[in-house]
Amino acid sequence: MNNSQPFRISLVGLGTVGMEVLRLLRDNADLIAARAGRRIEVAYLCARDPSRERSMDLSGYAWTEDPAGMGGVDALVELIGGANGPAYATVQKALQNGMSVVTANKALLAHHGYELAKLAEERSVGLACEAAVAGGVPIIKAMRDGLAGNRITGVYGILNGTCNYILTRMRETGQDFNDILKDAQARGYAESDPSFDIDGVDTAHKICLLAAIAFGVKPRIEAVCVNGIRYLTGTDIGFATELGYRIKLLGVAQAHDGRLSLSVEPCLVPAHSPLGVVEDVYNGVFVEGDFVETPLFTGRGAGGAPTASSVVADLIDLARGHRIPAFGIPAGSLAEARFIDAGELMGRYYVRLNVLDRPGVLADVAAILRDHHVSIEGLLQRGRDPDQPVSVMITTHDGTRYGDVAESCRLIGNLEASVEAPCLMRIEDDL
Ligand SMILES: NC(=O)c1ccc[n+]([C@@H]2O[C@H](COP(=O)([O-])OP(=O)(O)OC[C@H]3O[C@@H](n4cnc5c(N)ncnc54)[C@H](OP(=O)(O)O)[C@@H]3O)[C@@H](O)[C@H]2O)c1
């Protein structure tokens with residue numbers, strides 16, 4: 001590599017993240033050049049509508065409609081978004097044409113990561129995605145490089161700032177989910193269509209990528225069991241708080257004797273634990289490694305500037321000539337993961353029922369739990385108005401089989417006295 005030559009990039013997508021990448025490359029140009037060993041030069045810009053007003057004067061930059069087809073470009077930065085469509089086509093073409101790619105697009109990599117990583121290796125170029133998970137928190141480098149000597153047994157992450165903000169505000173204000181969601185949208189923390197965030201899809205993309213790195217397996221998005229936070233009520237938040245817990249939407253990847261489990265679900269974690277204190281829009285990732293034990297990484301998981309910080313870190317790596325496989329090991333060595341049936345997972349659980357306050361109802365509930373070997377550890381009831389349903393919270397003992405408690409919840413939900421399906425959550429005491 002001739003280090004006197006600038007490292008030339010095509011920057012595609014000039015929205016929240018793209019504009020901050022441009023600003024960072026401009027404002028810290030000298031420092032970045034010193035660290036990269038050469039200047040990073042923006043050769044071309046590309047967006048859907050070049051005539052659109054942007055937050056920075058772009059008159060000195062060259063534009064192109066074919067960013068992946070231009071000669072003399074070392075890397076393409078994809079900041080369009082979406083698993084398919086223009087992002088996929090652009091990245092694929094850039095790699096085929098011998099350009100390295102830096103992307104913040106978790107959806108793209110969760111769906112096409114293996115194929116794209118393989119293509120990058122065939123063409124001897126890099127594919128880097130630090131910004132795709134936890135925004136400005138360098139969790140991918142930390143797992144892939146800093147923890148590279150460890151056998152990783154579990155990754156637990158608060159990976160979606162929107163959900164963490166909603167859950168934090170529900171607890172602080174006592175307001176219900178829909179009111180807080182509107183507030184989050186008004187503050188710009190939630191999209192007008194928030195379903196990707198609140199239904200857990202965004203977290204699923206991220207935990208899928210972290211699992212690939214942690215366990216050396218091909219990303220398999222369809223293997224992630226996903227539950228979001230839409231159905232949580234103020235009652236659940238209140239019960240959790242009363243028990244000394246916080247509810248967090250966790251992406252969880254665990255190894256169980258050669259098989260894996262991947263899930264996204266709201267879980268109870270101790271209020272003062274490392275993940276319990278990660279509040280508001282912040283992200284936190286807890287990694288279990290055999291020699292390092294349990295390091296925790298926290299910080300801003302989204303936003304233009306923190307995400308740009310990770311994009312530029314990848315560009316500096318590439319400009320230095322460092323080309324590390326996207327998922328830590330060569331794509332050809334990534335294994336096909338074997339997955340454990342979620343029903344087999346053992347743990348401690350929280351179950352919240354909404355039932356009519358009639359004699360015998362709790363006895364019916366207890367009988368269903370007994371018949372499915374679910375042992376009750378604690379029980380709380382709230383509400384005494386005979387005309388209104390009451391909320392009943394049950395915690396199970398540790399060592400409860402998920403399949404048993406899930407089937408019990410299904411049957412309890414079918415009871416005539418049940419007003420709605422029970423809410424079932426894992427209690428994670430060790431995080
Ligand atoms: N925002 C965050 O906090 C954050 C955090 C982590 C990761 N990410 C990821 O970063 C990526 C970008 O997110 P963002 O929030 O910056 O998105 P955004 O604000 O919606 O910006 C998207 C950009 O893509 C451009 N674009 C759309 N279709 C295009 C096409 N066919 N060809 C060229 N450009 C096209 C748009 O052009 P116009 O401006 O002309 O419409 C726009 O500039 C996504 O993958 C996202 O998941 C975002």
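Trainee: Which elements cover the buried residues of H6?

Mentor: The cover includes strand E6 (152-158), helix H7 (177-186), helix H8 (195-198), helix H10 (234-242), strand E8 (245-256) and strand E10 (282-289). Helices (H or I, at least four residues) and strands (E, at least two) are DSSP runs, numbered from the N terminus. A residue is buried if 20 or more other C-beta atoms lie within 10 Å of its own, exposed if 12 or fewer, and partly exposed in between, with C-beta atoms placed from the backbone.

Trainee: What kind of model is this, and how are residues numbered?

Mentor: This is a predicted model, in which local features need pLDDT of at least 70, side-chain atom pairs count only at pLDDT 80 or more, and totals for chains, interfaces and linings use all residues. Numbering starts from 1 along each chain as its sequence is written.

Trainee: Back to H6: how many of its residues are buried?

Mentor: In H6, 10 of the 13 residues are buried, so the helix is mostly covered. The buried residues are Gly-161, Thr-162, Cys-163, Asn-164, Tyr-165, Ile-166, Leu-167, Thr-168, Arg-169 and Met-170.

Trainee: How far does H6 reach from its first C-alpha to its last?

Mentor: H6 (residues 161-173) reaches 18 Å, close to the 18 Å expected at 1.5 Å a residue. The expected span is 1.5 Å times one less than the number of residues. Just after H6, Gly-174 takes a positive phi of about 75°.

Trainee: Which residues other than glycine have a positive phi?

Mentor: Among them are Ser-124, with phi near 55°, and Ala-134, with phi near 60°. Most residues other than glycine have a negative phi.

Trainee: Where does Ser-124 lie, and is Ser-124 buried or exposed?

Mentor: Ser-124 lies in the loop between H4 and strand E5 (127-128). Ser-124 is exposed, because 9 other C-beta atoms lie within 10 Å.

Trainee: And Ala-134, buried or exposed?

Mentor: Ala-134 counts as buried, because there are 32 C-beta neighbours inside 10 Å. Its place is the loop between E5 and helix H5 (139-146).

Trainee: Now the helix pair: at what angle do H3 and H4 pack?

Mentor: Helix H3 (residues 85-96) and helix H4 (residues 106-122) pack at about 10°, with their axes 10 Å apart. That makes H3 roughly parallel to H4, a label used for angles under 35 degrees, while angles over 145 count as roughly antiparallel, 65 to 115 as roughly perpendicular and the rest as oblique. Axes are lines fitted to C-alpha atoms, for helices over the stretch in contact, and angles run from 0 to 180 degrees between N-to-C directions.

Trainee: Which residues make the contact?

Mentor: H3 contributes Ala-87, Tyr-88, Val-91, Gln-92, Leu-95 and Gln-96, and H4 contributes Leu-108, His-112, Leu-116, Leu-119 and Ala-120. Two residues are in contact if their C-beta atoms, placed from the backbone, lie within 7 Å. The residues of this contact divide into 8 nonpolar, 3 polar and no charged. Ala, Val, Leu, Ile, Met, Phe, Trp, Tyr, Cys and Pro count as nonpolar, Asp, Glu, Lys and Arg as charged, and the others, Gly among them, as polar.

Trainee: What about the ligand: which residues come nearest?

Mentor: Of the 23 residues around the ligand, Gly-13, Gly-15, Gly-81, Pro-86 and Ala-104 come nearest. A residue is near a molecule or strand if its C-beta atom, placed from the backbone, lies within 6 Å of it.

Trainee: How is that shell made up by class?

Mentor: The shell has 11 nonpolar, 9 polar and 3 charged residues. Helix H1 (residues 16-27) gives the most, with 3 residues.

Trainee: One more topic: what does Asp-197 touch?

Mentor: Not counting residues up to four places away in sequence, Asp-197 touches Asn-160, Thr-162, Cys-163, Ala-190, Glu-191 and Asp-202. Asp-197 is found in helix H8 and counts as buried, with 25 C-beta neighbours inside 10 Å.

Trainee: And where does Arg-352 lie?

Mentor: Arg-352 lies in strand E12 (residues 346-356). Arg-352 is buried, because 22 other C-beta atoms lie within 10 Å. The C-alpha atoms of Arg-352 and Cys-423 are separated by 5.0 Å, although these residues are 71 residues apart along the chain.
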